There are 2 protein chains.
Amino acid sequence: MTAPEQPARDHHVPYGHEPIHHGHVFAVERLRYRDEAGRELVRDIVRHPGAVTVIPVTGDGRLVMIRNWRLSVAGWLDEFCAGKLERGEDPARAAARELEEETGYAAEHVRGVGTFYTSPGFADERMHVFEARGLRPVPRRLEVGERIEVVVRTVPEVEALIADGTLVDGKTIAAFAQWQLWRRARPA
Amino acid sequence: MTAPEQPARDHHVPYGHEPIHHGHVFAVERLRYRDEAGRELVRDIVRHPGAVTVIPVTGDGRLVMIRNWRLSVAGWLDEFCAGKLERGEDPARAAARELEEETGYAAEHVRGVGTFYTSPGFADERMHVFEARGLRPVPRRLEVGERIEVVVRTVPEVEALIADGTLVDGKTIAAFAQWQLWRRARPA
């Protein structure tokens, strides 16, 4: 019997996943890989379960947004409602849940717009973007530690807030851009 | 002599910054804060030095982009060139540096477009967006471990890649959207 052949290690393909930190929201893993010259390199990567964000559109075409207190930057950010995926949770279901919890609206229709990576330089977080329509008020259910205000804005208002540097949440800017291009490709 | 008065702890303002991990690119800090009810809550936050991304515009209005091998997602992403800030580095200077290193173009003019947070739910990384014009070829100087191809695209091509879900780098989508709104607000 021969020993199983050692799989070839492609350069730039990580191996040696060493757990560094495991927290409530994310973990950190130390990866090793080799470059073309065979040098071993080490990078730390944030492992994140992924997240959803929702663009809720009212009957007259305005967007339900939030002002969200962000501990990471110790300030209020203008955002679309969002939240991380629970283990094994369907993104569309998570979107409907976060919409209700954070804005106090339930949606008749939740449709997938697209996805993107928020910061692939150091993290694998994938953001799933949804559009929600057919909104009706329901009780808000903020999670412990959340501090959120709801604000409804027109599309030109959102564009102006991005252009003047007031709206600085990258996920919200990217989701808004993706949604506008998605809508343009799918005329009603 | 009376003891110095304990400063009032505003709810939702973090205290007790405990270092958890310190790596080459980012650190992790455990923050404690109290909610309105006085409950102590704990959150881990990624501390990042910040980064720059550059939208290089050719004389005929096309955009110089890269295809970038990303270890975090083990795949190639379509992106604008980008890189993290070195300690104390001026963002505009970092933008000029990353442009030269990754794309092989030097720019006559580098102008600030805006900034955003890439993932404020768990990280404080701030992305500084620049437009570069007056491009001339220089030698590329990839850093050890980088794997990057240069590709030049028209604005409609970039929009199509975002709309069809091929371009999934959030920083690139957000920077592109910010740049288009910034240009609209500053007609030539």
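This is a predicted model: local features need pLDDT of at least 70, side-chain atom pairs count only at pLDDT 80 or more; totals for chains, interfaces and linings use all residues.

Colleague: How do you know that S5(A) and S6(A) pair?

Modeller: Two strands are said to pair if DSSP finds at least two bridges between them. S5(A) and S6(A) share 5 bridges, so they qualify, and their sense is antiparallel. Residues are numbered from 1 along each chain as its sequence is written, and chains are lettered from A and ligands numbered from 1 in the order of writing.

Colleague: What makes S6(A) and S10(A) edge strands?

Modeller: The open sheet has 3 strands in the order S6-S5-S10 of chain A, paired antiparallel. S6(A) (75–79) and S10(A) (148–153) each have a single partner strand, so one side of each lacks a neighbour in the sheet. On average, neighbouring strands of this sheet are turned by 25 degrees against each other, direction ignored.

Colleague: Which elements make up chain A, and in what order do they run?

Modeller: Chain A has 3 helices and 10 strands, where helices (H or I, at least four residues) and strands (E, at least two) are DSSP runs numbered from the N terminus. Their order from the N terminus is β-β-β-β-β-β-β-α-β-β-β-α-α. The C-alpha atoms of this chain fill a box of roughly 70 × 40 × 40 Å along the principal axes.

Colleague: What share of chain A counts as buried?

Modeller: Of its 188 residues, 40% count as buried. A residue is buried if 20 or more other C-beta atoms lie within 10 Å of its own, exposed if 12 or fewer, and partly exposed in between, with C-beta atoms placed from the backbone.

Colleague: Which residues of H1(B) are buried, and what covers them?

Modeller: The buried residues are Ala94(B), Ala95(B), Glu98(B), Leu99(B), Glu100(B), Glu102(B) and Thr103(B). Their cover includes S4, S5, S7, S8, S9 and S10 of chain B. Among these strands, S4(B) and S9(B) pair in the parallel sense over 6 bridges, with Ala51(B) partnered by Met127(B). S8(B) and S9(B) run antiparallel and are joined by 11 bridges, one of the pairs being Ala106(B) and Arg136(B).

Colleague: Why are H2(A) and H3(B) called roughly perpendicular?

Modeller: Axes are lines fitted to C-alpha atoms, for helices over the stretch in contact, and angles run from 0 to 180 degrees between N-to-C directions. The two axes come within 9 Å and cross at roughly 95 degrees. Angles under 35 degrees count as roughly parallel, over 145 as roughly antiparallel, 65 to 115 as roughly perpendicular and the rest as oblique. H2(A) is therefore roughly perpendicular to H3(B).

Colleague: Which residues make that contact?

Modeller: H2(A) supplies Glu159(A), Ile162(A) and Ala163(A), and H3(B) supplies Ala177(B), Gln178(B), Leu181(B), Trp182(B) and Ala185(B). Residues are in contact if their C-beta atoms, placed from the backbone, lie within 7 Å. By class there are 6 nonpolar, 1 polar and 1 charged residues, where Ala, Val, Leu, Ile, Met, Phe, Trp, Tyr, Cys and Pro count as nonpolar, Asp, Glu, Lys and Arg as charged, and the others, Gly among them, as polar.

Colleague: How many residues does each chain give to the contact between chains A and B, and which element of chain A gives the most?

Modeller: Chain A gives 59 residues and chain B gives 59 residues. On the side of chain A, H3(A) gives the most, with 10 residues. The residues of that side divide into 34 nonpolar, 14 polar and 11 charged.

Key:
Two residues are in contact if their C-beta atoms, placed from the backbone, lie within 7 Å.
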